[in-house]
Amino acid sequence: MASTLVVYTPAVPEDLGEMVYVREHGYTILKRSRMLGELSAGQTCLAVAGTHGKTTTSTLIAHILTDAGSGCSAFLGGISKNYNTNLLVSQTRVFVAEADEYDRSFLQLHPAIAVITAMDADHLDIYGTHEEYCKAFKTFASQVSRAVVIKKGLDITPADTKAKILTYSYDDPDSDYHAVVSGPDELGHYIFDIVYPGGVIKDVRCGVPGWVNVENSVAAAAVCLLRGLPPEAVKAAIGSFQGVKRRLDVHVASPRLTYIDDYAHHPRELSSAISSIRQMYPGRKLTAVFQPHLYSRTRDFADWFAESLSAVDKLILLDIYPAREKPIPGVTSEMIFNKVTAPEKVLLKKEELMEYINNEPLDVLATFGAGNIDRYIAPITEVLEARLGK
């Protein structure tokens with residue numbers, strides 16, 4: 001079986017039956033991150049790293065390149081709604097990759113141009129401390145050959161990389177790339193100008209709603225402009241971008257009942273998503289369902305999670321989704337729940353969720369989490385559409 005290659009991710013338990021079988025029967029086994037490094041070798045690699053925002057930003061870069069006609073291959077961390085896949089294949093020798101920091105996977109990549117969106121503490125089960133986590137990003141930056149586009153304020157300096165360092169932000173005029181925002185339209189889609197070292201792209205309309213996607217658009221535009229794409233092609237592609245499944249993904253939209261699902265599973269992601277939803281639907285009551293992801297992340301960031309989730313009007317908090325982890329004694333969702341100061345809150349098991357929602361008056365509902373909460377998207381959508389009489 002040496003001629004058969006099996007690719008696996010760190011999420012696969014060592015004792016999984018299939019994993020044990022291929023190991024015992026002589027298959028060639030390669031870690032996913034190593035495979036990504038092999039695939040990108042010899043191509044112009046454009047990579048997006050960061051604690052959050054990397055899936056949408058890398059998917060948007062891939063869409064801009066494809067829509068503009070120059071093309072690319074891409075391996076993404078979510079399903080592009082434009083192409084209904086997370087894999088794009090092209091004869092063009094340009095490879096777009098989502099550079100995942102978990103288990104130091106992104107250090108397999110040697111990009112020509114890279115984006116670093118954030119370096120907020122995460123995966124402390126791997127890194128131990130925030131300092132070690134940031135060191136990994138500095139090592140990643142050292143492997144970039146041409147340009148590193150960093151979120152304004154991140155601690156990446158010329159001592160960390162030989163590549164040119166450029167900054168981006170939502171609206172900070174001191175950034176090399178930033179937006180001048182006119183505001184959202186009636187559907188929550190923002191109209192803005194992109195200011196960049198070569199000029200201004202006027203009246204860009206992001207194809208997906210939320211202020212956070214303005215910032216993602218600025219980062220993606222920076223990479224594509226550095227690649228030499230025409231500004232008008234960048235503008236058109238941002239406008240036709242349909243987003244990524246489970247990223248501010250609107251499933252029900254009406255003035256009296258709205259449902260959005262998002263993958264947010266880190267406190268900073270939750271804060272960004274919640275504030276985006278607040279701006280999209282001002283004055284409406286926001287009810288959030290959150291499923292914590294990992295015992296270690298819950299333990300490390302319980303206070304921060306509670307602070308982020310306190311910004312909603314009502315919180316429905318579910319049990320922790322363990323993913324690859326064994327339970328940690330004393331670590332439960334109650335660590336978050338007890339510190340949440342939202343006006344209303346309730347703690348449920350996921351099996352109780354649908355019955356609760358069936359009987360709950362709702363205005364704007366959002367589901368958050370990286371576990372198996374996505375299994376409830378379809379039934380929740382069905383219940384809410386029935387409530388609207390669709």
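**Entry 1: helices α8 and α9**

I started with helix α8 (residues 267-280) and helix α9 (residues 295-309), which pack with their axes 9 Å apart at an angle of about 5 degrees. I am working in a predicted model, so I keep that in mind throughout. How do α8 and α9 run relative to each other? Angles under 35 degrees count as roughly parallel, so α8 and α9 are roughly parallel to each other.

Next I listed who makes the contact. From α8 I noted Pro267, Arg268, Leu270, Ser271 and Ile274, and from α9 I noted Phe301, Trp304, Phe305, Ser308 and Leu309. I sorted the residues of this α8 and α9 contact into seven nonpolar, two polar and one charged.

**Entry 2: helices α3 and α7**

Then I turned to another pair. Helix α3 (residues 54-67) packs with helix α7 (residues 231-240) at an angle of about 120 degrees, and their axes are 9 Å apart. That angle makes α3 oblique to α7. I also looked up the handedness: α3 passes α7 in a right-handed crossing.

Which residues meet here? On the α3 side I found Leu60, His63, Ile64 and Asp67, and on the α7 side Val234, Ala236, Ala237, Ile238 and Ser240. The residues of this α3 and α7 contact divide into six nonpolar, two polar and one charged.

**Entry 3: threonine 367**

Threonine 367 sits in strand β18 (residues 364-368). Is threonine 367 buried or exposed? Its relative accessible area is 0%, and buried means under 20%, so threonine 367 is buried.

I then asked what the side chain of threonine 367 pairs with. A polar contact of 2.7 Å joins the side chain of threonine 367 to the side chain of aspartate 261. Leaving out residues up to four places away in sequence, threonine 367 touches Tyr259, Ile260, Asp261, Asp262, Val289, Ile373 and Ile380.

**Entry 4: serine 73**

My last stop was serine 73, which lies in strand β4 (residues 73-80). Serine 73 has 9% relative accessibility, so this residue counts as buried.

Where does the side chain of serine 73 reach? I traced the side chain of serine 73 to the backbone nitrogen of serine 90, at 3.0 Å. Not counting residues up to four places away in sequence, serine 73 touches Leu88, Val89, Ser90, Thr92, Val94, Phe95 and Val96. I noticed that Ser90 is among these touching residues, and the backbone nitrogen of serine 90 is what the side chain of serine 73 reaches.

Conventions:
Residues are numbered from 1 along each chain as its sequence is written. This is a predicted model: local features need pLDDT of at least 70, side-chain atom pairs count only at pLDDT 80 or more; totals for chains, interfaces and linings use all residues. Side-chain values use heavy atoms; hydrogens and water are left out. Axes are lines fitted to C-alpha atoms, for helices over the stretch in contact, and angles run from 0 to 180 degrees between N-to-C directions. Helices (H or I, at least four residues) and strands (E, at least two) are DSSP runs, numbered from the N terminus. Angles under 35 degrees count as roughly parallel, over 145 as roughly antiparallel, 65 to 115 as roughly perpendicular and the rest as oblique. A crossing is left-handed if the near helix is turned anticlockwise from the far one by less than a right angle, and right-handed if clockwise. Contact means heavy atoms within 4.5 Å. Ala, Val, Leu, Ile, Met, Phe, Trp, Tyr, Cys and Pro count as nonpolar, Asp, Glu, Lys and Arg as charged, and the others, Gly among them, as polar. Buried means under 20% relative accessible area, exposed over 50%, partly exposed in between (1.4 Å probe, protein chains only). A polar contact is a pair of N or O atoms within 3.5 Å; within protein, one must be able to donate a hydrogen and the other to accept it, and residues adjacent in sequence count only if both atoms are side-chain atoms.
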